[in-house]
Amino acid sequence: MKISTKGRYGLEALADLAFHSEGEPVSLREVARRCSLSQTYILQIFLILRRAGFVKSIRGVQGGYVLGAPPEGILLLDVLEALEGPLVPEDFLSGDGQERGFWEGLACHMKEALSSLTLEDVLECCRSLPVREPGRMDFVI
Amino acid sequence: MKFSARSRYGLRALIDLSLNSLNGPVTLTSIAERQDIPENYLEQIFSSLRKAGLIRSIKGAQGGYQLSLPAEKTSVGDVLRTLEGSLDLFDENPTGNSHIQQCLKGLLWDRMNRALEEYADSQTLQDLIDDFYRRGTNDFLMYDI
């Protein structure tokens, strides 16, 4: 079972937006820079996140993206499934193979393990870590 | 999330092998036919399983394959690790070390990995077979008896 880069970077980008937004729109350029990803890639990810309602785009000069719901209402499992598809591929669950019960049990067990995790848990964890000294690059204008 | 077809067909073939080996070794061809798995693909899968010691091949006219251990001692986790290479969620380890990356790792990725391993290691081939019987609808058995 593998998670693709889309799932991994998508969650990082969403958490980055949530962490830096505080209600104000954040530009994709800033998210891309902080996550060390290309803007094109971030745009693809945000299209998926916007369609699924996890982010909203705000137009205008001060425009950008904000969260589409409060962070405590955004389940990490839902975000991951929006980016990656279901935890266990649908054709594994719908086939008539004799091993099908295993995949159903696995999907159920994993969903249970992740069921209560929200974006707010990630933000809380980030706030609890010590603030780092800004690197020299942060001062370059 | 991606699982490879190797795991899916591997588990299916092992269930078949277990159910049909009561009277001796089972040929790869018969499993491939019953389960509609391309034979050369199944050969690759069985070669990995044999090297890992999960099945053994019996030579001779009545030869074929057998489970090395009874189904209730064959761990699904071992089968999946053999066929997938590992149960790690990522092909390569995440390199970044930002707060967000650290927190996602601790809260989400590590937890997912643990859940996957826990479940796979808790299941034996016999559990899968029992589960299959409980479902009742299996034309497979009707063919064989």
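Tutor: Start with A:Ser36, in the loop between helix H2 (28-34) and helix H3 (39-51) of chain A. Keep in mind that this is a predicted model.

Student: Why is A:Ser36 called exposed?

Tutor: Its relative accessible area is 62%. The cut-off for exposed is over 50%. A:Ser36 passes that cut-off, so it is exposed.

Student: What makes the phi of A:Ser36 worth a remark?

Tutor: Phi of A:Ser36 is near 55°, a positive value in a residue other than glycine. Most residues other than glycine have a negative phi.

Student: Where is B:Asp36, and what is its phi?

Tutor: B:Asp36 sits in the loop between helix H2 (28-35) and helix H3 (39-51) of chain B. Its phi is near 55°, again positive in a non-glycine residue.

Student: How do you know whether B:Asp36 is buried or exposed?

Tutor: The relative accessible area of B:Asp36 is 66%. Exposed needs over 50%, so B:Asp36 counts as exposed.

Student: What makes B:Thr124 buried or exposed?

Tutor: B:Thr124 has a relative accessible area of 17%. Buried means under 20%, so B:Thr124 is buried. B:Thr124 is in the loop between H5 and H6 of chain B.

Student: Which residues does B:Thr124 touch, leaving out those up to four places away in sequence?

Tutor: With those left out, B:Thr124 touches B:Ala71, B:Glu72, B:Thr74, B:Ser75 and B:Val76.

Student: What does B:Arg12 touch, not counting residues up to four places away in sequence?

Tutor: On that count, B:Arg12 touches A:Gly97, A:Gln98 and A:Glu99 in chain A, and B:Gln35 in chain B.

Student: How many residues are in contact between chain B and chain A?

Tutor: 46 residues of chain B are in contact with 45 residues of chain A. About 4,300 Å² is buried between chain B and chain A, and carbon and sulfur atoms give 66% of that area.

Student: What makes A:Asp91 and B:Arg8 a salt bridge?

Tutor: The closest N and O atoms of A:Asp91 and B:Arg8 are 3.5 Å apart. The cut-off is within 4 Å, between a side-chain nitrogen of Lys or Arg and a carboxyl oxygen of Asp or Glu. The pair meets it, so it is a salt bridge. The count between chain B and chain A is three salt bridges. Polar contacts between chain B and chain A number seven residue pairs, both residues at pLDDT 80 or more.

Student: Which helices of chain B each supply at least two residues of the side that touches chain A?

Tutor: Helix H1 (5-20), helix H4 (76-84), helix H5 (99-122) and helix H6 (125-135) of chain B do. H5(B) gives the largest share, 16 residues. This side of chain B divides into 24 nonpolar, ten polar and twelve charged residues.

Student: How many aromatic pairs are there over all chains?

Tutor: A search of the whole structure finds eleven.

Student: Which residues do ring pairs link into a cluster?

Tutor: The cluster holds A:Phe92, A:Phe102, A:Trp103, B:Phe3 and B:Tyr119.

Student: Last, how many helices and strands are there in chain A?

Tutor: Chain A has seven helices and two strands. From the N terminus on, the elements run α-α-α-β-β-α-α-α-α.

Methods
Residues are numbered from 1 along each chain as its sequence is written. Chains are lettered from A and ligands numbered from 1 in the order in which they are written. This is a predicted model: local features need pLDDT of at least 70, side-chain atom pairs count only at pLDDT 80 or more; totals for chains, interfaces and linings use all residues. Side-chain values use heavy atoms; hydrogens and water are left out. Contact means heavy atoms within 4.5 Å. Buried area is the accessible area (1.4 Å probe) that two parts lose on being put together, summed over both. A polar contact is a pair of N or O atoms within 3.5 Å; within protein, one must be able to donate a hydrogen and the other to accept it, and residues adjacent in sequence count only if both atoms are side-chain atoms. Helices (H or I, at least four residues) and strands (E, at least two) are DSSP runs, numbered from the N terminus. Ala, Val, Leu, Ile, Met, Phe, Trp, Tyr, Cys and Pro count as nonpolar, Asp, Glu, Lys and Arg as charged, and the others, Gly among them, as polar. Rings of Phe, Tyr and Trp (its six-membered ring) pair if their centres lie within 6.5 Å; planes under 30 degrees apart count as stacked, over 60 as edge-to-face and the rest as tilted. Buried means under 20% relative accessible area, exposed over 50%, partly exposed in between (1.4 Å probe, protein chains only).
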